Amino acid sequence: MSKVYRYCSVNIAAAGAADSKGGCYRTRDSQIVQRTEFDIQWRNGNESGPSTYYVVPEPRIWRQKLLDEPLNQRCWVVQERILSPRTLQFGRQQLFWECREKIACETYHRGLPVSLQGDTFIAIKTLELGDETSDDRWPALHVSKNSGIAPTLFGSMWNKFTELFRPIVRQEVTLYATKRSGAVYRDWDTVVELYSLGELTFANDKLIAIAGIAEAISRGEENFPNDGYLAGLWHSSLPSHLLWTTENVNVLRHGVWQPKAPERYHKYIAPSWSWPSVNGKISFEWCQRDFDKTDYLATMVDVHITQRTEYRFGSVVSGHLTILAPIASCLWTSEDKIPSARPSLAAITQIFPLGENCDVAAQTFPATTSQLEKMCFDTAEASTSKEIILLPVIGTMQKTAHDTEAIFALILRKALQSDIRRASFSTRSGDCYLRIGFLYTGRPQVCRILRNMQRQSVTII
């Protein structure tokens, strides 16, 4: 299906339809699509008359006009919007047009105002993962097969002469971005954040419904190897992209705003260290910082994914990640009375070696309000334990007066036998762990203790 959308001329979407019987047309108020205008007569301005201005809503409000359409609340539609070269959306109130060059609608038929174009959720087809400008094969879908004559002056003239008579072959249109640039990861992050807001009828489609985009951008440039795809994450972006977080959001369902809290799937969808394992809003805010190579405290030892089929972008049956990093057990407190997956302010009170009793813990100094740790558990259920395991991934040092010392860490818990069976993982080398959240701390004492904890090889499933 990804090739069907990629090679179409235009994709017509019944965005306002609640199901396959809804169709494209519906009764609407034509005044809704009119722009809001007002005139201003400036005292020191043009004396010929007032100037006309338009009211442009902020991107968040305008984004909802498009994303709240019933069709666009489905996960499958994200890759259909990106892969198709052009999309005409029949919304409940107006038409929307999307292509590589312009985003428009009936209200702004000449193109969206500049203030709205910068929102990547709106202008999703302008992301760099859509296509590479250096790829001269876009949008030429068909080219003449080269005759193979040597590139001499005569050969060049002969090729041009015989071009019209040579057989036509369909050329693969690639949608890739070079892995030497970080832009493709930022665009992938944007797609995932939008994708995570959608709904799926079948949880097993979590990775399949975005596989078309992953496959398209996995093609590297000539002489550069393709990047490894690890159930929603890219090998070249690790370990920093292990620091994704979840968010509580409100979504519009059937005209009513409803809270949507992240939760783990009951079925096995992906390893706990990868975002598809969670049903809910995903954020890569903490992953996109400009980290220096010397900031990495964690070293990748091994990573392995077992696909359900030979298709490496599809669903998986198991996966594990082995990482060498400092690791510690901690006790923590929080002022939140109700468990929540949202980022909350907390305080690490005791730190002690993994496997030891808290009696040998290092006591931490009381934290001020500005020094409290930022903890984000993947789900509300994961935040109920007061003893957690911290695995620091990145640790920044204070190199200048403007820098801050900080630790970015994964929150883990020891895997139970039921977790191991569910992940189809067989281990003979000791304990393995599950990711349950993320922590950021800028408290100097906590940072130094965590940084100096014993480095161990840890397997996360």
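Predicted model: local features only at pLDDT ≥ 70, side-chain atom pairs only at ≥ 80, totals over all residues.
Me: With which residue does Arg-264 form a salt bridge whose closest N and O atoms are 2.6 Å apart?
Reply: The closest N and O atoms of this salt bridge, to which Arg-264 contributes, are 2.6 Å apart, and the other residue is Asp-378. Arg-264 lies in strand 14 (residues 263-264) and its partner in the loop between strand 22 (373-377) and strand 23 (387-396), so the contact ties together parts that are 114 residues apart in sequence. The partner is itself buried, with a relative accessible area of 1%, and this residue is Asp-378.

Me: How many residues apart in the chain are Arg-448 and Glu-405?
Reply: The side chains of Arg-448 and Glu-405 meet in a salt bridge, at 3.5 Å from N to O. This pair links distant parts of the chain, with Arg-448 in helix 9 (residues 444-451) and Glu-405 in the loop between strand 23 and strand 24 (406-414). Arg-448 is partly exposed at 47% relative accessible area, whereas Glu-405 counts as buried at 10%.

Me: Where does Asp-431, the salt-bridge partner of Lys-414, lie in the chain?
Reply: Lys-414 and Asp-431 form a salt bridge in which the closest N and O atoms are 3.5 Å apart. Lys-414 belongs to strand 24, and the pair ties together parts that are 17 residues apart in sequence, since Asp-431 is placed in the loop between helix 8 (417-422) and strand 25 (433-441).

Me: Which element supplies the largest share of the lining of the largest cavity?
Reply: A search of the whole structure finds two cavities of 30 Å³ or more, and the largest has a volume of about 50 Å³. Its lining has eight nonpolar, no polar and one charged residues. Helix 2 (59-67), strand 5 (95-99) and strand 6 (103-105) each supply at least two of the lining residues, but the largest share, three residues, comes from strand 5.

Me: How many charged residues are in the lining of the second largest cavity?
Reply: The second largest cavity holds about 30 Å³ of space, and its lining is made by Asn-204, Tyr-268, Ile-269, Arg-308, Ser-315 and Val-316. By class, three of these lining residues are nonpolar and two are polar, and the number that are charged is one.

Me: Why is helix 3 described as largely enclosed by the rest of the structure?
Reply: Helix 3 spans residues 76-83, and its buried residues include Val-77, Glu-80 and Arg-81. The helix is largely enclosed because, of its eight residues, the number that are buried is seven.

Me: What is the relative accessible area of Trp-42?
Reply: Trp-42 is found in the loop between strand 2 (37-40) and strand 3 (51-54). Together with Phe-38, Tyr-53 and Val-55, Trp-42 makes a nonpolar surface patch of about 370 Å². Trp-42 counts as partly exposed, because its relative accessible area is 45%.

Note on methods: Residues numbered from 1 in each chain as written. Heavy atoms only, no water. 1 Å grid on protein atoms, 1.4 Å probe; cavity = no way out; pocket = protein on both sides within 12 Å on 5 of 7 lines; lining within 4 Å. Points joined across faces, edges and corners; volume = space filled by probe spheres on them. Helix = DSSP H or I, 4+ residues; strand = E, 2+ residues; numbered from the N terminus. Nonpolar A, V, L, I, M, F, W, Y, C, P; charged D, E, K, R; others polar. Patch = residues over 30% accessible without salt bridge, like charges linked within 9 Å, V, L, I, M, F, W, Y side chains within 5 Å. Areas by Shrake-Rupley, 256 points an atom, 1.4 Å probe, with all protein chains shown as cover. Salt bridge = Lys/Arg side-chain N within 4 Å of Asp/Glu carboxyl O. Buried < 20%, exposed > 50% of the residue type's maximum accessible area, 1.4 Å probe, protein only.
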